[in-house]
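Please examine the sequence and the structure before reading on.

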Amino acid sequence: MLLIQCPFCGERDLTEFSHGGEAHITRPANPDKISDEEWGDYIFFRTNPKGIQYERWIHSHGCRRWFNAVRDTVSDEFLGFYKSGEQPPKIKRRKVLRK
Amino acid sequence: MVDTKVDFKTHRTSPLDGAVWPVGPITLSEKKFLGKINIRGNADDAAFLAAAKKALGVALPLAANTVSMRKGKKAVTVFWLGPDEWLVHSADGSQISLLKALQTAFKGLHTAVTDVSDYFVVIELHGSTVHDLLARGCPLDLHPRTFKPGDCAQSYFAKASILLHRVDDDHYTIQVRWTFAQYLWDYLVQSADMMAA
């Protein structure tokens, strides 16, 4: 069972949450002027890192608020949680987790 | 001429009318026709908090997953739903005047007050083994060290989103969307049967 720390409700089971994909993706300020490739990049392409990823989650069965989480995509370990609009925590790469 | 005047108070039915609960260590009943009002507002705004306290007679709970209650004639239960969202339970019929009182008190403030009385159904559970029953569909840790009497939490039971309130040690209320009420009731009946077997 994976536990997620909702910044509003506290620690809850993963199944109460829904995943919202990679966080901190900014919509281009001038969509009319950029190329199709750049627009496609914004819409479809994600970093998909092996390791630490910053991502969005929503507490869909709880307070229904969006927030951000830091997760290691290799070990599935959550390394931090923070509200939308807050500065993401600095996470050091931990080699121990990756064999 | 036929008298077409209908007294809605005597003719209305609730979503769980006729639902029967098996005899056992746990008793279940529907708390019918409770008034329910949803409040949205800025918890950092002192004017909003003061206005809410004036209209409800009790302060909005600001700590996560807590409930504040007013006893007596104008009894209300106020649930924390989120950092800017609350839910009020009040006696049958009182929600109309309460809604007006809140709207008057919030005049000029950035808020939203909505009557959601008919949207939800409240089920009351009593019994010494009620935790085992809830554990059959709810992922919450109901141990008193994390979920004390007076706490509330939004979660799910099986496939239904619920608002769980621990009134006392062995006494809970579950609020569920009315379209899920029959489903939740049947699930609870079946779970209780399996526990008894």
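## Polar contacts and salt bridges

A polar contact is a pair of N or O atoms within 3.5 Å; within protein, one must be able to donate a hydrogen and the other to accept it, and residues adjacent in sequence count only if both atoms are side-chain atoms. Between chain B and chain A, twelve residue pairs are in polar contact, both residues being at pLDDT 80 or more.

This is a predicted model, in which local features need pLDDT of at least 70, side-chain atom pairs count only at pLDDT 80 or more, and totals for chains, interfaces and linings use all residues. Residues are numbered from 1 along each chain as its sequence is written, chains are lettered from A and ligands numbered from 1 in the order in which they are written, and side-chain values use heavy atoms, with hydrogens and water left out.

The interface also holds three salt bridges (a side-chain nitrogen of Lys or Arg within 4 Å of a carboxyl oxygen of Asp or Glu). In one of them, Glu85(B) pairs with Arg64(A), with the closest N and O atoms 3.0 Å apart.

## Extent of the interface

Chain B brings 16 residues to the contact and chain A eleven, where contact means heavy atoms within 4.5 Å. The area buried between the two chains (accessible area, 1.4 Å probe, lost on being put together, summed over both) is about 1,100 Å², and carbon and sulfur atoms give 42% of this area. Pro83(B), Gln154(B) and Tyr156(B) supply 39% of the area that chain B buries against chain A, more than any other three residues.
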